[in-house]
Amino acid sequence: MAYNLLKGKRGIIFGALDEHSIAWKTAERVHEEGGTFVLTNAPIAMRMGQIKELAAKTNSEIIPADATSEEDLENLVTQATEILGGKLDFVLHSIGMSVNVRKGRAYTDEKYDFTAKGWDVSALSFHKVMQSLYKADAMNEWGSIVALTYMAAQRTFPDYNDMADNKAYLESVARSFGYFFGKEKKVRVNTISQSPTPTTAGQGVKGFDGFISYAEKMSPLGNASAADCADYTVSLFSDLTKKVTMQNLFHDGGFSNTGVSQEVIDEFTE
Ligand SMILES: NC(=O)c1ccc[n+]([C@@H]2O[C@H](COP(=O)([O-])OP(=O)(O)OC[C@H]3O[C@@H](n4cnc5c(N)ncnc54)[C@H](O)[C@@H]3O)[C@@H](O)[C@H]2O)c1
């Protein structure tokens, strides 16, 4: 159901690779709610992904940008405000990638240039995105910036590897930049800590299938899907959450506050 929550609002959505992507589902929901936006992804993802299909469906333009490149981001912000006809009201950072995970390196055997690349893409890019928006004064007052994260920032999940450290950094950047964006521009900045979700990035994590079933059994409401995450993000882009900022918001069916569930106890009871 659509409520016109984002009517007249403009934004940028990073990270829609294919129909499973959280950003893809979010773009569809934002469109349904009346928002207009520019889609962006790394130039390489343009070739792999089906982003053109999403652009056609949502009447959006695509501007390629590597989120680690300050030049690309400056160009993206300038072009997006021109295309959309004004300053922005929302931005979704839905970007993550670990070279150590991709190359099968254990956390205890990291190759540090892989670590640095993964940190740049997954964590520092959020600072770069916000600094580009801030310097260009591209956000409207009461705008909203959201990035996606995972609970491995707070608790250890062995196979999440160096992405755990990247997410901890990302969440810290949300708080630190959220202070300045709030004070100077009345813009809110939050991270959503999402359940494990079957996407390209999610399935790259070793043991993902066992892990997603475990999380499903541990969460009183079950795992939050990509579509659920899109709904939650829409609420954070809307005017109904104007004073929520600098928060890491768990969106996980209750997983993060559950010690153990009956289903998991049953698995261990003979
Ligand atoms: N899938 C999960 O289980 C899960 C759980 C919690 C949080 N998240 C987070 O959600 C976000 C979106 O991931 P997803 O699960 O939708 O997977 P996805 O693979 O569909 O999206 C990841 C996106 O990052 C983009 N990207 C990679 N390098 C980039 C670069 N240099 N510049 C710009 N974009 C780049 C990819 O092209 C892709 O579109 C990520 O931050 C991820 O860590 C995912």
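## Contacts around Ala 16

Two residues are in contact if their C-beta atoms, placed from the backbone, lie within 7 Å. In this predicted model, Ala 16 is in contact with Ser 21, Ala 23, Trp 24, Ala 27, Leu 39, Asn 41, Ile 51 and Leu 54, leaving aside its neighbours within four places in sequence.

Ala 16 also belongs to the largest nonpolar core, which holds 55 residues. Together with Ile 12, Ile 13, Ala 23, Ala 27, Leu 39 and Val 91, Ala 16 touches the most other members of that core. A separate core of 8 residues lies apart from it, and includes Met 151, Ala 153, Met 163 and Ala 164. In soluble globular proteins, nonpolar side chains tend to be buried together.

An open sheet is formed by 7 strands, with parallel pairing and the order 3-2-1-4-5-6-7. Strand 3 (61–62) and strand 7 (247–251) are at the edges; each has a single partner strand, so one side of each lacks a neighbour in the sheet.

Strand 1 (10–14) pairs with strand 2 (residues 36–40) in the parallel sense over 5 bridges. Within this pairing, Ile 13 has Leu 39 in strand 2 as its bridge partner. Ile 13 and Leu 39 are also both among the core residues that touch the most other members.

## Surroundings of the ligand

The ligand is surrounded by 27 residues, and the closest are Ser 21, Gly 96, Thr 199, Ala 201 and Gly 202. By residue class, this shell divides into 14 nonpolar, 12 polar and 1 charged.

Helix 1 (22–32), strand 5 (139–149) and helix 8 (200–203) each supply at least two residues of the shell. Helix 8 gives the most, with 3 residues.

## Annotated binding positions

An unreviewed UniProt entry lists Gly 15, Ser 21, Ile 22, Ile 95 and Lys 167 under "binding site". One of these, Ser 21, is also among the residues closest to the ligand.

Gly 15 is found in the loop between strand 1 and helix 1. Gly 15 counts as buried because 27 other C-beta atoms lie within 10 Å, where 20 or more are required. Not counting residues up to four places away in sequence, Gly 15 touches Ser 21, Ala 23, Asn 41, Ser 94 and Ile 95. Ile 95 is found in the loop between strand 4 (88–93) and helix 5 (99–102). Ile 95 is buried too, with 25 C-beta neighbours inside 10 Å. Beyond residues up to four places away in sequence, Ile 95 touches Phe 14, Gly 15, Ala 67, Val 121, Ser 122 and Ser 125.

## Annotated active-site positions

The unreviewed UniProt entry places the feature "active site" at Tyr 150 and Tyr 160. Tyr 150 is in the loop between strand 5 and helix 7 (163–185), and Tyr 160 is likewise in the loop between strand 5 and helix 7.

Tyr 150 is buried, with 26 other C-beta atoms within 10 Å. Tyr 160 counts as buried with 24 C-beta neighbours inside 10 Å. Leaving aside neighbours within four places in sequence, Tyr 150 is in contact with Tyr 160, Lys 167, Ser 193 and Gln 194. On the same terms, Tyr 160 is in contact with Tyr 150, Ala 152 and Val 205. Lys 167, one of the contacts of Tyr 150, is also one of the positions listed by UniProt under "binding site".

Definitions and conventions. Residues numbered from 1 in each chain as written. Predicted model: local features only at pLDDT ≥ 70, side-chain atom pairs only at ≥ 80, totals over all residues. Near = placed C-beta within 6 Å. Helix = DSSP H or I, 4+ residues; strand = E, 2+ residues; numbered from the N terminus. Nonpolar A, V, L, I, M, F, W, Y, C, P; charged D, E, K, R; others polar. Core = buried A, V, L, I, M, F, W, Y, C linked by C-beta atoms within 7 Å. Buried ≥ 20, exposed ≤ 12 C-beta atoms within 10 Å, placed from the backbone. UniProt positions renumbered as here; feature names shortened; annotations may be inferred. Pairing = 2+ DSSP bridges.
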